[in-house]
Amino acid sequence: MEDEIVKRAFGEETVYYFKVLFTDPRGWNLRNQVAHGLLEPEHFNQQTAQRLMHAFFCLGMIRWQNDPPITLEEE
């Protein structure tokens, strides 16, 4: 199922990246591997942790469109 709101928020390339990383059986498929207990212990490593952190950083970049930009002002 394709969600147009998610595509607009992230862009098609990032949505594809998330799919490959988390749910596509042709990719890393981390969500399914972990949820079903199929991920081998040697795959819990620095490379996997870095990919997960990158995905979390991508999620952290989402902002509501009506929010004012964040500025660093001295008071």
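How many salt bridges does a search of the whole structure find? The search returns 1 salt bridge. The views below are drawn from a predicted model.

**View 1. The salt bridge between R26 and D24**. The side chains of R26 and D24 meet at 2.8 Å, taken from N to O. This pair is the 1 salt bridge found in the whole structure.

**View 2. The negative surface patch**. The relative accessible area of D3 is 39%, so D3 is classed as partly exposed.

**View 3. N29 in the loop between helix 2 and helix 3**. Helix 2 covers residues 12-22, and N29 is placed in the loop between helix 2 and helix 3. The phi angle of N29 is near 55 degrees. This is a positive value in a residue other than glycine. Is N29 buried or exposed? N29 is buried, as its relative accessibility is 9%.

**View 4. N32 and its contacts with F22 and T23**. N32 belongs to helix 3, which runs over residues 30-35. Leaving aside residues up to four places away in sequence, N32 touches F22 and T23. N32 and F22 are separated by 10 residues in sequence, and the distance between their C-alpha atoms is 7.1 Å. With a relative accessibility of 19%, N32 counts as buried, because buried means under 20% relative accessible area.

Notes. Residues are numbered from 1 along each chain as its sequence is written. This is a predicted model: local features need pLDDT of at least 70, side-chain atom pairs count only at pLDDT 80 or more; totals for chains, interfaces and linings use all residues. Side-chain values use heavy atoms; hydrogens and water are left out. Patches are made of residues with over 30% relative accessible area and no salt bridge: like charges are joined within 9 Å, nonpolar side chains (Val, Leu, Ile, Met, Phe, Trp, Tyr) within 5 Å. Accessible areas come from the Shrake-Rupley method with a 1.4 Å probe; for residues, only the protein chains shown count as cover. A salt bridge is a side-chain nitrogen of Lys or Arg within 4 Å of a carboxyl oxygen of Asp or Glu. Lys and Arg count as positive and Asp and Glu as negative; His and the chain ends are not counted. The place of a charge is taken as NZ of Lys, CZ of Arg, CG of Asp or CD of Glu. Buried means under 20% relative accessible area, exposed over 50%, partly exposed in between (1.4 Å probe, protein chains only). Helices (H or I, at least four residues) and strands (E, at least two) are DSSP runs, numbered from the N terminus. Contact means heavy atoms within 4.5 Å.
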